[in-house]
Each structure stands twice: as C-alpha cells, then as structure tokens.
Amino acid sequence: MTQSSRQQILTRLRAALPESAALPNLPARGPWQTFDNPYDRFCEVLESVGGICFRVPTLVAANERLNQIAEWNEAKVRVSVVDGVGVPTVDLASIDDPHDLENVDFAVLSGHFAVAENGAIWVTDDTVKHRVLYFLPQRLAMVIPASEIVNNMHEAYGRIQIGDNVFGAFISGPSKTADIEQSLVIGAHGARALTVFAVESL
Amino acid sequence: MSHPALAQIFVDDKPRAQWHDKALWFVRQKRDRMASGVPEWEDLRQHASEIKQHTMSLLPDYLEMFEKNATARGVKVHWAADAEEHNRIVTEILQQHQVKKLVKSKSMLTEECHLNPYLEKHGIEVVDTDLGEWIVQLRDEPPSHIVLPAIHLKKEDVGDTFHEHIGTEKGASDPKYLTEAARNTLRQRFCAADAGLTGVNFAIAETGGFVVCTNEGNADLGVSLPKLHIASMGIEKLLPRASDLAVFLRLLARSATGQPITTYSSHFHGPREGSELHVVLLDNGRSEILKSPEFRRSLSCIRCGACMNTCPVYRRSGGHSYESTVPGPIGSILTPLKDPEAHSSLPFACSLCGSCTDVCPVKIDLHHQLFAMRSFLDRKKLLGMPKKLSMKFASGLMSSKWVFSGAGKAARTALRWLPRFAVYNPLNPWGKQRDLPDAPKDSFRAQYAAYQKDQAEKKSRPSSGAGGPS
C-alpha cells in the first residue's frame with residue numbers, strides 16, 4: 001500500500017513539474033555579514049537571548065569561575081563532560097537510560113564553535129553519552145574555544161560536515177517562550193540558564 | 001461561516017481586538033529590527049526564493065535522493081498520499097511499539113491531518129508540548145496562528161485554563177508563574193512518554209537528514225528520552241544541500257519572532273542508538289498545487305507567520321475567523337486551493353495592500369496570488385451573488401462614459417439631500433463602520449478641466465503682462 005502511494009506521489013509530481021530553475025551558488029565568503037570582533041558580537045547577541053559569556057584563559061580559570069556560580073554550588077545533581085571543569089556527582093558511564101538524568105540540576109557540556117551573528121553554539125552527540133543532557137538539566141554551562149567564533153551561518157555550515165553526527169544542534173541561549181501574551185519567559189521546558197565559558201587556551 | 005461573519009464576532013469585543021492588533025504589530029516590528037540588522041537581507045530572500053523554486057522543479061528527484069540517503073542512515077521512510085493515510089501510518093507505527101502516550105512538538109502538518117482526534121480514537125494519549133499549542137489543546141480550540149498558537153488569548157484566559165486543568169491558583173495570571181507551572185507538568189509528560197512526534201522545518205536531500213527548530217526545547221525533550229521518534233513532513237519541506245540551511249536558518253526566526261535564530265535548531269541524521277526514527281512524507285494536495293503555475297510558489301512557504309503578523313486584516317480579525325489550519329494571507333491561498341467551496345471568502349479577507357509580499361522571507365508573491373485566487377473562485381462559480389452583481393453593476397457603470405458621468409452627478413446630488421438612513425443601511429455594508437466624505441459639488445473630471453483652464457490662464461497672463469505699462 002505504501003509502495004503504491006510512493007509511486008502515485010512521484011508520478012503526480014513528475015506530471016506537474018514547473019520549468020527548470022537554477023540552484024543559486026552560495027559563495028563561501030559572499031556578501032555575508034562579518035564583524036570586526038566576532039567574539040564581542042557573540043557575547044552581545046548571547047546576552048540579548050538570555051545567556052551570559054565569560055572569557056577565561058584556561059580550563060582551570062573556567063573551573064574557578066564555575067565555582068563562583070551560586071546555582072552550581074547549590075546543585076545537588078551535577079554532570080560535567082569537560083575534564084577539570086566542575087566535579088560531577090553523576091558517573092555518566094554508568095547511566096544507560098536517559099530517563100535517569102531527569103533530576104540533573106546543572107550540567108557542564110562542551111561546544112565546538114560559536115556563531116557571532118546569532119549567539120549560537122554548535123554541539124554534537126559525540127561529546128555526550130545522552131543527548132538529552134542538552135535539554136533536560138535545569139541549568140547549563142557550555143565550554144567553547146574562545147578562538148572559534150565564526151561570523152555567520154554560512155561560515156558555520158562551511159565548517160561542519162552535516163551528517164557526520166547522528167545529532168547536532170545550534171543552541172542559542174537558554175530555553176524560552178513568549179506564548180502567553182507575548183511576554184518573554186526564560187526557562188520554558190529546557191534549561192533555565194546558559195553560561196558560556198570561552199576558553200583562550202583550548 | 002464566512003470570514004466576514006466570524007470577523008464580526010471578533011471585532012465586537014473592541015478592546016480585545018485592538019489588543020490583538022497591537023500584539024501582532026509588536027512582533028512585526030521586532031522582525032523589522034532583525035531584518036534591518038542584516039545588510040544582505042534582500043540577497044538572502046532572493047537566494048531562498050530561488051533555492052525553493054529550483055527544488056520544486058526537481059522535487060520528485062530530490063525526494064528520492066532524500067529517501068535513499070535517509071534509508072542508508074537507518075531512517076524508515078513512509079509515503080502518505082493523503083491525511084487519512086498519514087494518520088494510519090503513524091498509528092500503525094505507534095501500535096507496533098505499544099505506545100500509549102505520545103508527546104508532540106509543534107507540527108502544522110498534524111493539525112492539517114487532524115491527527116490528535118484520530119490517535120485518541122485509537123486509545124493513544126497525545127500531549128502537544130509547545131506551550132501555546134498545549135494551552136489551546138487544553139481548551140479544545142485550534143491554534144489561531146502557526147507560530148503563536150495562543151495569540152488570541154489573554155493571560156487571564158490562560159490562568160483560568162491552567163487553574164481548571166493543572167490546579168494553578170485561582171485568578172493567577174502572571175506569565176512567569178503560569179509558564180513555570182506548565183514546565184513542571186510538561187516535564188513529567190516528557191519523562192512518561194513512550195514516543196515523540198515532531199514536525200520538520202527543513203529536510204536535506206543530499207544528506208537524508210532534517211532540522212527541527214524550537215525555542216522551548218520541547219521537540220528535543222520529546223524525542224531524546226523515548227525510543228521512538230516519528231517526524232511528519234510535507235513533501236515541500238525539502239532543500240537540496242546542507243549549505244542551503246544557512247540561508248533559511250538566517251531568515252526563519254528573524255522573520256517569525258524577531259529573534260536572531262531559534263534557541264534550538266536540531267539536526268537529525270538517523271536514529272539514536274537503540275531507537276527508531278521514522279519519517280512520513282505527506283502529499284495531501286501538494287502535488288495538485290505544484291501543477292498550477294499561478295499558485296505553485298505558495299509551496300515555498302516556510303511557515304514563519306510573518307505575513308500574518310503584518311496583515312491588517314489578520315491582525316484585526318483574529319486567526320480563528322479563517323477556519324483554516326494556516327490562517328492569514330498564505331492560508332487564504334493554501335486552504336481555498338484544497339477546498340474552494342468551504343473557503344471562498346478567504347481571498348477577500350485582503351485589501352491587496354501587498355505588505356505580506358514585502359515581508360515574506362521566500363518572496364512568495366502573496367498579494368498577486370490572493371488576487372488570482374478571486375478569479376480562480378469565480379471560474380469555479382463560487383463567488384456569492386452580491387459580489388458578482390456588484391462587480392457586474394460596476395463594470396456596466398464604468399464602461400460607458402455617459403452612464404458613468406450621469407451616475408456620478410446623480411450620486412453627488414442625492415448624497416447631499418438623502419436622509420442618513422437611505423445611505424447607511426444594510427444594503428451598504430461598506431458604511432457599517434465608516435462615513436462617506438461630503439460629496440463634492442463637481443465631478444473630478446469637471447474639477448480637473450477647471451484646473452487645467454486655470455493653469456493655462458496663469459501661464460498666458462505674465463507673458464501678456466510683460467510688455468505692459470510699468
């Protein structure tokens with residue numbers, strides 16, 4: 001039955017095709033927006049979408065900065081996938097069912113690079129055992145290399161091999177909604193806060 | 001009911017109608033700020049439009065390419081000719097996995113297919129997890145906007161709904177408090193779900209993957225916990241290359257809500273380890289639309305909602321007055337194409353101002369299509385008698401110079417002397433909320449002739465006066 005619908009749809013489409021139209025070439029550099037200081041722009045946009053960014057020289061410094069965050073110190077269930085940043089209370093290797101991560105209060109995760117124009121960080125599933133960690137913890141910290149900030153999404157897609165990872169995402173700030181009377185509320189279903197550590201020597 | 005009849009009900013509550021108008025205009029202004037912050041905005045729109053038109057010109061090939069690449073990644077691809085088949089496929093997959101509880105992220109396509117009632121009939125509990133969609137689901141209403149499903153509701157309405165369904169304090173209406181309450185309830189639903197269903201914002205032919213965009217993280221929470229993910233997509237959601245995503249992700253959120261990008265833009269390429277991923281490709285009339293040179297560009301729509309936010313009629317009449325899964329300008333094309341009989345009033349819910357065309361990120365010629373839709377309905381003999389008669393009358397009037405000028409003269413005199421009830425009565429729906437200006441003494445033609453004469457005299461006077469006595 002499904003096979004016949006497949007044939008039926010393809011046949012109908014082939015009978016309906018419009019005249020051919022060229023696929024535009026998307027130049028790598030193009031007319032795309034760039035910034036004098038992509039890092040500053042990234043921080044500015046990240047803050048406008050509810051996140052916060054700290055520039056630190058080393059992972060040790062990132063760890064020190066993390067330890068000054070009250071919510072981290074108060075967190076009962078902590079996860080970290082970045083060696084040296086935060087002492088986790090959960091051993092991820094021992095967790096097979098992602099549901100067991102329901103009560104994570106704070107997770108420290110890592111991002112590959114960030115995008116200046118929209119404050120987004122590219123993350124993939126190969127740095128975490130359970131991808132739900134990007135969405136389920138109450139609060140997130142993300143460690144990124146300070147030198148890896150691209151200007152725009154064209155440069156971003158130029159860097160990644162889409163499809164190399166089963167899962168990848170651009171994450172820009174904490175979870176949010178404006179579904180009630182257009183009032184912006186940070187912390188919809190996912191993370192209530194996103195702190196970014198941009199590490200210089202990483 | 002027709003759009004004017006339902007819009008009347010909406011505008012009867014004047015303060016609410018004005019509030020609705022302002023709330024959407026606020027979103028339009030946010031969109032403008034974001035668009036003006038990208039110097040190459042118009043280039044992006046042009047690229048997006050061309051990419052979509054190219055994709056449509058090779059759609060069957062790209063669908064096969066997508067199927068091949070997705071299958072190679074372990075995705076199970078299904079094809080559904082219509083809504084009924086889509087719902088049957090989804091139900092069968094869920095039943096094979098003994099799913100009792102399904103969490104769903106926003107998908108206009110499943111609204112189009114009326115999937116929720118179908119699943120409930122088969123004993124499957126469905127929770128819409130986008131906050132706006134969940135609110136309207138609890139109220140047993142359809143969404144009134146494709147991006148802001150509960151934009152027709154005031155926070156007090158949401159407070160009452162939550163008090164009734166999830167026990168928030170009576171009278172509480174603070175959006176922060178209500179969102180927190182929803183968060184706590186919905187997070188329990190995510191953890192208890194047996195499967196997650198999402199829509200698809202963009203699918204990529206060359207990689208066999210797809211992208212889902214949300215701000216709340218609800219799509220990701222819904223599919224990262226259970227072992228089954230179903231993604232439902234219209235066949236028009238395809239893009240040829242991964243690099244095309246850059247263009248569309250730059251346009252989508254800026255156009256939709258005035259954000260630089262959605263919080264989460266998730267790329268799925270194959271199932272999670274130990275899980276299954278199914279993609280259902282739906283036609284449901286799309287191949288019919290592709291046939292039509294007049295209307296096929298409506299298939300380029302990326303469902304950002306910008307045309308609704310800017311539309312003076314949508315803002316002042318509310319989404320429910322369209323009785324259509326997709327309301328507003330784009331809905332007034334897509335819906336009558338599918339069911340012209342039931343929706344013949346929609347293309348007239350438009351002043352042809354063209355604002356929708358100006359903001360559309362993929363450059364759909366919306367107001368031209370809305371105009372073309374009127375003749376499409378006329379050809380199908382679906383225009384009501386009053387509309388046809390008034391057009392016939394006007395064309396008779398305007399095609400003869402003598403009839404036109406005579407009628408104008410009669411009207412100018414009559415309007416001055418007729419009592420109010422003779423002009424403003426149910427035969428003149430235009431005058432329901434408006435007054436005509438005072439009728440001028442002379443016709444435009446006479447005024448223009450007088451003006452020309454006056455100008456000619458002025459011109460000849462200085463030359464004749466130049467040689468006069470000093």
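The model is a predicted one, so to speak of local features a pLDDT of at least 70 is needed, side-chain atom pairs count only at pLDDT 80 or more, and totals for chains, interfaces and linings use all residues. Residues are numbered from 1 along each chain as its sequence is written, chains are lettered from A and ligands numbered from 1 in the order in which they are written, and side-chain values use heavy atoms, with hydrogens and water left out.

**Where the chains meet**

- In chain B, 97 residues are in contact with 70 residues of chain A, where contact means heavy atoms within 4.5 Å.
- The size of an interface is often given as the accessible area lost when the parts come together.
- Chains B and A bury about 7,100 Å² between them, and 61% of that is on carbon and sulfur atoms; buried area is the accessible area (1.4 Å probe) that two parts lose on being put together, summed over both.
- Between the two chains there are 36 residue pairs in polar contact, both residues at pLDDT 80 or more. A polar contact is a pair of N or O atoms within 3.5 Å; within protein, one must be able to donate a hydrogen and the other to accept it, and residues adjacent in sequence count only if both atoms are side-chain atoms.
- Helix H10 (residues 175-192) of chain B gives the most to the side of chain B that touches chain A, with 10 residues. Helices (H or I, at least four residues) and strands (E, at least two) are DSSP runs, numbered from the N terminus.
- By class, that side of chain B has 46 nonpolar, 23 polar and 28 charged residues. Here Ala, Val, Leu, Ile, Met, Phe, Trp, Tyr, Cys and Pro count as nonpolar, Asp, Glu, Lys and Arg as charged, and the others, Gly among them, as polar.

**Salt bridges**

- Over all chains the count comes to 34 salt bridges, each being a side-chain nitrogen of Lys or Arg within 4 Å of a carboxyl oxygen of Asp or Glu.
- Eight salt bridges are found across the interface of chain B and chain A; one of them joins Glu64(B) to Arg14(A), with the closest N and O atoms 2.9 Å apart.
- Within chain B, Glu42(B) and Arg45(B) form a salt bridge (2.9 Å, N to O). These two residues are three apart in helix H3 (residues 41-57) of chain B, which means that about one helical turn separates Glu42(B) and Arg45(B).

- Eight strands form an open sheet with mixed pairing, in the order E7(A)-E4(A)-E5(A)-E8(A)-E9(B)-E6(B)-E5(B)-E8(B). Two strands pair if DSSP finds at least two bridges between them.
- Strand E7 (149-150) of chain A and strand E8 (238-239) of chain B stand at the edges, each with a single partner strand, so one side of each has no neighbour in the sheet.
- Strand E8 (residues 167-171) of chain A pairs with strand E9 (residues 264-268) of chain B in the antiparallel sense over five bridges. Gly168(A) has His267(B) as its bridge partner in E9(B).

**A sheet within chain A**

- Five strands of chain A form an open sheet with parallel pairing, in the order E1-E11-E6-E3-E2.
- Strands E1 (52-56) and E2 (78-80) of chain A are at the edges, each with a single partner strand, so one side of each is left without a neighbour in the sheet.
- E2(A) and strand E3 (residues 106-110) of chain A pair in the parallel sense over three bridges, and Ser80(A) has Val108(A) as its bridge partner in E3(A).
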